[in-house]
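Here's a quick briefing for anyone meeting this structure for the first time. Have a look at it, then read on for a guided tour.

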Amino acid sequence: MSEPVIFTMGGGGFTMEPSNPLLDDYVLSLASSPRPRILFLPTASGDTQPQMRAFQERFDCRACIPEPLSLFRLRDSRRPLHETLLAQDIIYVGGGSMRNMLAIWRAHDLDALLIEAWRRGIVLAGLSAGAMCWFQGGLTRSSGPPEPIAGLGLLDGSLTVHADGEPERLPVWLRCVREGSLPGGWALDDGVGLLFRGTRLVRAVSSRPGAGAERVDAIAGELVRQRLAVELLGAGEQPGASAEEEAIRELRQVRALRSGIPLDDL
Amino acid sequence: MHVGIPQIVAYGGGGFSLERESSLLDDYVLSLTGCDRPRVCFLPTASGDADHYIVRFYRRFAPSCEASHVSLFRRDQGTGGVEDHLERHLLAQDLLYVGGGNMVSMIGAWRAHGLDEVLRKAWRRGIVLCGPSAGSLCWFEDALSAFHGAPRIVRGLGFLPYSNCVHYDAEPARRVEYHRFVADGMLPGFAVEDGVALHFRDTALTRVVTSRPDGCAYRVESSAGGVEETRLEVSYLGAPSHRLGVSVAA
């Protein structure tokens, strides 16, 4: 049995960076198999078609066996969950409502299965809600305004995501850490991922130049903040042209959110 | 404030999501509200708040109702759903329409937002509750589910002290499985085909209605010899007397 592995992203991967595969390729590299089985759990989004499609588009052409798992769609669902989950090399969890995701997992006893998968050395990866869920706590916007929420507690501390992309999150998280409603932990920009082996942080990587991460603790009521050293993935080999496309896409997303168009329609 | 007899209309399947032309079942539940322009709120949770389902709901109900929906997956985005106070909004409705999909996921998400208790309150106040498939199963004590594995009993909200099996005509294996579970001690209950709905006042079944001339529903209970299945009397909503709005006693 291999050592438990968790890779948590502040944002990024196929749902957020359709033209930048660096983080997803990194996820695949964490499995010991040359052609890993990778299961996508889009629960936090309500299993939206765009997330499922984006997953297939990213992984269909790569050296892996991709499979999405829906807890809503009823087709092709005769296989017991434990068989589906424990046969994987990687389980990749998408973003969305962390509160809904955890409640739905519990309703299907999937939380216990994920912990079992982790113990067996199946790589657990995810972004946003799918990153925070592995920690003792995170910060969710599942009910509107950002608020603290408990996670599965496989990793000590708390995590906040989209530190640059959704700037309203960080101040609320810092206040929660200072006041003690969340334990100290990490704040990740979009594009940054932390690799944990066992419960130990071993590496911080990024798909975007300039994206950062920090460790924050409350000591005697004061916040102590430390920037982490983040390695840029694929340095030297990444074409620079895609950065502009990403920026345009992000601009469109922000504009759509402000005018009330669901992201799925983009 | 809305006060009336608790009413649930549990569809075996059907309504606007399945029946493109006929939504006689939906007309039937709308008539129970006693309002000219009822306030109808859609809960598409069991589908993961699928956009296409929400769009079809508005297409069906917006012309004749004050239509709204509650999305538990997009509460951070403010996309036309209800944002401020879920409970206040839900308790101000005449009809709550629960969509189909996966019941276990839906009830899990409801509990996380306290909606199970809000729905109980709504039911007690006489706000009509209805829905197909998962939107039927959820009101019962026990439901039969074959999602991710062998068929098993899953717990609903338990407003109605029976078991329920939907889409009874769609899969032949359903009947065998349901009978086996009832024989093994699952609560007695009701098996319902697509296009057929059970109308409960309080917890008593008062009427069975159908949008299809050949639609059936059954009472299923254990008996000395195993399981007894009794075909229920069904009112066809497409019959001329119903179209004219003449009521027929159950």
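Predicted model: local features only at pLDDT ≥ 70, side-chain atom pairs only at ≥ 80, totals over all residues.

**A first look**

Of the 266 residues in chain A, 56% are buried. The points below go through chain A and then chain B, with a word on confidence at the end.

**Chain A in outline**

- Chain A contains 8 helices and 14 strands.
- Take the contacts in chain A between residues at least 6 apart in sequence: 70% of them join residues at least 24 apart.
- The accessible surface of chain A is about 11,200 Å², and carbon and sulfur atoms account for 50% of that.

**An open sheet in chain A**

- Six strands make up an open sheet in chain A; reading across, the order is β7-β6-β8-β9-β12-β13, and the pairing is mixed.
- Which strands stand at the edges? They are β7 (147-150) and β13 (222-227) of chain A, and each has a single partner strand, so one side of each has no neighbour in the sheet.
- On average, neighbouring strands of this sheet are turned by 25° against each other, direction ignored.
- Further in, strand β9 (residues 185-188) and strand β12 (residues 213-219) of chain A run antiparallel and are joined by 4 bridges.
- If you want to find that pairing by eye, start with A:Gly185, whose bridge partner in β12(A) is A:Val216.

**Helices lying across the sheet**

- Helix α4 (residues 98-107) of chain A lies across β6 (135-140) and β7 of chain A, and it runs at about 20° to β7(A).
- Helix α7 (residues 169-179) of chain A lies across β6, β7, β8 (155-160), β9, β12 and β13 of chain A. Relative to β12(A), helix α7(A) runs at about 30°.
- The buried residues of α7(A) are A:Arg169, A:Leu170, A:Val172, A:Trp173, A:Leu174, A:Cys176 and A:Val177.
- Just past the end of α7(A) comes A:Gly180, with a positive phi of about 90°.

**Helix α5 of chain A**

- Which residues of helix α5 (residues 110-119) of chain A are buried? They are A:Leu110, A:Asp111, A:Leu113, A:Leu114, A:Ala117 and A:Trp118.
- What do the buried residues of α5(A) pack against? Their partners in chain A are β1 (5-9), β2 (37-41), α3 (81-86), β4 (90-93), α4 and β5 (123-127).
- α5(A) is followed by A:Gly121, where phi is positive and near 90°.

**Chain B in outline**

- Chain B has 8 helices and 14 strands.
- Buried residues make up 59% of the 250 residues of chain B.
- Among chain B contacts between residues at least 6 apart in sequence, 68% join residues at least 24 apart.
- The accessible surface of chain B is about 9,800 Å², with 50% of it belonging to carbon and sulfur atoms.

**Strand β5 of chain B**

- Strand β5 (residues 128-132) of chain B is mostly covered, with 5 of its 5 residues buried.
- In a regular strand, side chains alternate between the two faces of the sheet.
- Here, B:Val128, B:Cys130 and B:Pro132 point one way from β5(B), while B:Leu129 and B:Gly131 point the other way, and all are buried.
- Strand β1 (residues 7-11) of chain B runs parallel to β5(B), joined to it by 4 bridges. Look for B:Val9, which stands opposite B:Cys130.
- Strand β4 (residues 95-98) of chain B also pairs with β5(B) in the parallel sense, over 3 bridges. In this pair, B:Leu96 stands opposite B:Leu129.

**A closer look at B:Arg60**

- B:Arg60 is in helix α2 (residues 51-61) of chain B.
- Is B:Arg60 buried or exposed? B:Arg60 is buried, because its relative accessible area is 18%, and the cut-off for buried is under 20%.
- Leaving aside residues up to four places away in sequence, B:Arg60 touches B:Phe16, B:Ser23, B:Asp26, B:Asp27 and B:Leu30.

**Confidence in chain B**

- Chain B has an average pLDDT of 89, and 88% of the residues score at least 70.
- Over residues 244-250 of chain B, pLDDT stays under 50, and the model has 6 contacts beyond four places in sequence for that stretch.

Definitions and conventions: Residues numbered from 1 in each chain as written. Chains lettered and ligands numbered in written order. Heavy atoms only, no water. Helix = DSSP H or I, 4+ residues; strand = E, 2+ residues; numbered from the N terminus. Buried < 20%, exposed > 50% of the residue type's maximum accessible area, 1.4 Å probe, protein only. Contact = heavy atoms within 4.5 Å. Areas by Shrake-Rupley, 256 points an atom, 1.4 Å probe, with all protein chains shown as cover. Pairing = 2+ DSSP bridges. Axes fitted to C-alpha atoms, helices over the stretch in contact; angles between N-to-C directions. pLDDT = per-residue confidence, 0-100.
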